[in-house]
Amino acid sequence: MSAASAEGSPSVRRPWVVGVSGASGTPYAASVVRGLLAAGEAVDLVVSRAARLTVLDETGISFRDAHWRADLARWLGSDAGLDGVRYWAAGDFAAGPSSGSYPAKGMLVVPASTGSVAGIALGLSKDLLQRVAAVTLKERRPLVVCVRETPLNGVTLKHLVELDAQGAVVLPASPGFYAGGSTVRELVDFVAGRVLDAAGVRHELYRRWEGELGAAAGAARTVE
């Protein structure tokens, strides 16, 4: 291919796949998607069937395949950047990300239920979310699994160790308080920010540690 034709060819869209499972913690998913869009990243979204119930329970929003764009805008609180989002139904095994040839950057499963953790660790591919995770692992792409459950039993811990052995980043939804978060939204954004850190995506979702003791308390007083 000549240099001229290469310059004239359209750039290949390379999204991050965000998989939302049925675990409690849908605000984490919303914050991650907002962070990706703010960073100018393309997003492919997969919402499991169980996650729809959790979204409805935690937000009052019915997430529908036929109206996903309007429902996602309500969930995120804005329709900004939605042109960069592509939605795939959880039962669509012919979806683009189900193939290793699909040019995805990687996958972020947030929140990850213990059921999705087990399915991914065992390679079950029972729905599109698990299938895309399996593809991500086999293609050696980044996979971040933000598990949201407590306490964790031995079986789930073994599954998490297996995911780590396969190359995934196991990132529990554990808010840190050194960033000075004083609201639920700030603590949610901290976890979302750590997910994006693991994916190498730039963001400004939380204040980073700079080695100054007491800075978090000072930040909290400033907010008050």
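A salt bridge is a side-chain nitrogen of Lys or Arg within 4 Å of a carboxyl oxygen of Asp or Glu. This structure holds nine salt bridges, and the tour starts with some of them.

The model is predicted: local features need pLDDT of at least 70, side-chain atom pairs count only at pLDDT 80 or more, and totals for chains, interfaces and linings use all residues. Residues are numbered from 1 along each chain as its sequence is written, and side-chain values use heavy atoms, with hydrogens and water left out.

**Stop 1: D44 and R13**

Select D44 and R13. Their side chains meet in a salt bridge, at 2.8 Å from N to O. The pair links distant parts of the chain, 31 residues apart: D44 lies in strand β2 (residues 43-47), and R13 in the loop between α1 (3-8) and β1 (16-20). Helices (H or I, at least four residues) and strands (E, at least two) are DSSP runs, numbered from the N terminus.

Is D44 buried or exposed? D44 is buried, with a relative accessible area of 0%. Buried means under 20% relative accessible area, exposed over 50%, and partly exposed in between (1.4 Å probe, protein chains only). R13 is partly exposed, at 27%.

**Stop 2: D71 and R64**

Next, select D71 and R64. They form a salt bridge whose closest N and O atoms are 2.8 Å apart. D71 is buried, at 1% relative accessibility, while R64 is partly exposed, at 40%.

**Stop 3: K138 and E139**

Now select K138 and E139, a salt bridge with its closest N and O atoms 2.6 Å apart. K138 is partly exposed, with a relative accessible area of 45%. E139 is also partly exposed, at 32%.

**Stop 4: a network**

Select R194, D197 and R208 together; salt bridges link them in a network.

**Stop 5: the cores**

A nonpolar core is a set of buried Ala, Val, Leu, Ile, Met, Phe, Trp, Tyr and Cys residues joined through side-chain atoms within 4.5 Å. The largest one has 41 residues, and those with the most contacts inside it are V18, V32, L36, L45, L72, W75 and L108.

Select W75. Leaving aside residues up to four places away in sequence, W75 touches V20, T26, A29, A30, R34, V55, T59, I61 and F63. Contact means heavy atoms within 4.5 Å. A second, separate core has 23 residues, including A104, L128, L137 and L163.

**Stop 6: D189**

Finish at D189, in helix α8 (residues 184-199). D189 is buried, with a relative accessible area of 11%. What does D189 touch, not counting residues up to four places away in sequence? D189 touches S31, L205 and Y206.
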